Amino acid sequence: KLSTDDSSLSGKVEVVGETVFDPSMEKIINIAYPQRNEVVQSPATILGDDSLLLKYLNPHLCVVVTEATTKYMENFESNDQKTAFQKALESGPKTNAKKPLGATKPGETAPSKIATPTPTLFINVIDTISGRVLHRVSHSHTFSGATSSSPSTVPVSISENWIVYAFPNTKSRRTEVGVLTLHEGMIDKHGITAFSSPEQLLTFSSMSSPKPIVLSKTYGVNYPVTAIGVTNTKGGISSKNFIFATGIDGKVVRIDRRLLDPRRPSGEPKKTEKKEGLMQYGPLIPLAPVTVASYSNHVEDASYIISTCANLESQTLVLALGGPDVFFSRFAPSKGFDSLPESFNKLLIVMVILALFMVLRTAKNVGDSRSLKLFW
């Protein structure tokens with residue numbers, strides 16, 4: 001923040017906020033910002049029971065992806081230098097409950113404690129005005145500069161209150177897709193009436209507003225992901241699709257946002273959840289041929305996906321580039337609800353309109369002649 005003195009031309013600069021990542025512990029590998037031209041159709045999500053789930057819409061968001069360094073790995077695995085997270089886990093309440101009989105044989109030592117996987121990848125959601133870390137997620141079993149010499153690829157996309165990223169998992173030998181949704185809160189279906197309304201702040205401040213409520217879930221895909229984009233339409237009415245580039249696999253895949261919803265239930269969906277369109281959670285997202293936007297074209301090593309709106313609300317334009325190939329296409333995330341299909345019989349509709357015009361003209365002439373006879 002820059003402040004000046006009215007009596008003189010001198011001024012001073014004050015630090016409003018900052019976020020520091022120790023380069024000896026974490027290495028920044030990617031930074032993502034929200035799309036500035038994105039149209040938000042609604043600031044809330046209507047649930048199946050008619051309640052409202054408020055979106056956390058902050059234009060000053062920033063996602064910083066960091067990976068652990070060799071020093072961080074050594075400090076984490078060392079018993080003498082335990083992290084605050086480990087100490088918090090070990091400082092829980094201790095009980096004097098006895099072990100049940102038969103747990104171990106006489107003279108046999110108890111099994112060793114299962115080692116906690118070392119986190120190697122961190123997703124940091126930061127407010128660029130105040131410098132606050134709004135949310136931080138860690139993942140294990142990922143490619144890291146401390147464990148692998150191969151370059152890390154963690155693409156990130158931000159759309160409305162959604163954050164989608166992908167990273168390779170060395171344990172499951174597949175690509176994991178992480179999803180975060182940020183929310184301000186919830187309004188009950190009886191919270192807004194003609195006589196009452198909930199108390200809400202009319203202004204937003206990055207310095208004093210509370211942190212968002214974060215819902216998260218991870219999915220798996222059986223192909224590498226080198227870039228992530230999201231569809232944009234003119235009015236934001238069409239459903240959102242996230243677009244993945246599969247690198248050397250050479251495909252551009254579009255996935256309906258509903259498949260990545262972190263609120264998908266683990267069990268059988270309830271009636272209200274079915275009404276909302278939520279499906280039962282599945283750890284894997286299959287690659288269906290109808291979701292391949294590039295069809296039979298091979299788009300190799302695309303690292304950027306750009307989307308913009310067309311003149312029609314149902315249409316979106318997508319450009320994938322960054323490798324030796326450039327792919328451009330147009331498709332409809334919610335199908336062509338505002339346009340006529342190519343197979344539409346235009347000749348038939350013209351003939352119907354002409355026939356209706358002739359019928360109306362004949363009816364008018366008959367009516368005029370009857371009125372004339374009546375007057376005579």
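Colleague: Is Asp301 buried, partly exposed or exposed?

Modeller: Asp301 is partly exposed, with a relative accessible area of 33%. Buried means under 20% relative accessible area, exposed over 50%, and partly exposed in between, using a 1.4 Å probe and protein chains only. Bear in mind that this is a predicted model, where local features need pLDDT of at least 70, side-chain atom pairs count only at pLDDT 80 or more, and totals for chains, interfaces and linings use all residues. Residues are numbered from 1 along each chain as its sequence is written, and side-chain values use heavy atoms, with hydrogens and water left out.

Colleague: OK, and where does Asp301 sit?

Modeller: Asp301 is in the loop between α3 (271-276) and β16 (304-309). Helices (H or I, at least four residues) and strands (E, at least two) are DSSP runs, numbered from the N terminus. Phi of Asp301 is near 55 degrees, a positive value in a residue other than glycine.

Colleague: What about phi of Arg173?

Modeller: Phi of Arg173 is also positive, near 55 degrees, and Arg173 isn't a glycine either. You'll find Arg173 in the loop between β10 (162-169) and β11. Arg173 counts as exposed because its relative accessibility is 77%.

Colleague: Switching to pockets: what volume does the largest pocket have?

Modeller: About 680 Å³. A pocket here is an open set of points on a 1 Å grid over the protein atoms alone, where a 1.4 Å probe fits, with protein on both sides within 12 Å along at least five of seven lines; lining residues have an atom within 4 Å of a point. Points are joined across faces, edges and corners, and the volume is the space filled by probe spheres set on them.

Colleague: Which residues lie nearest its centre?

Modeller: Thr45, Lys55, Trp162, Arg257 and Arg258, out of 26 lining residues.

Colleague: And which strand gives the most to that lining?

Modeller: β4, with three residues. β4 (44-46), β5 (52-55) and β11 (174-187) each supply at least two.

Colleague: Last topic, Phe244: buried or exposed?

Modeller: Phe244 counts as buried, because its relative accessibility is 0%. Phe244 is in strand β14 (residues 241-245). Phe244 and Ile255 are 11 residues apart in sequence, and their C-alpha atoms are 7.8 Å apart in space.

Colleague: How exposed is Val352, then?

Modeller: Val352 is partly exposed, at 38% relative accessible area, and is found in helix α4 (residues 346-375).
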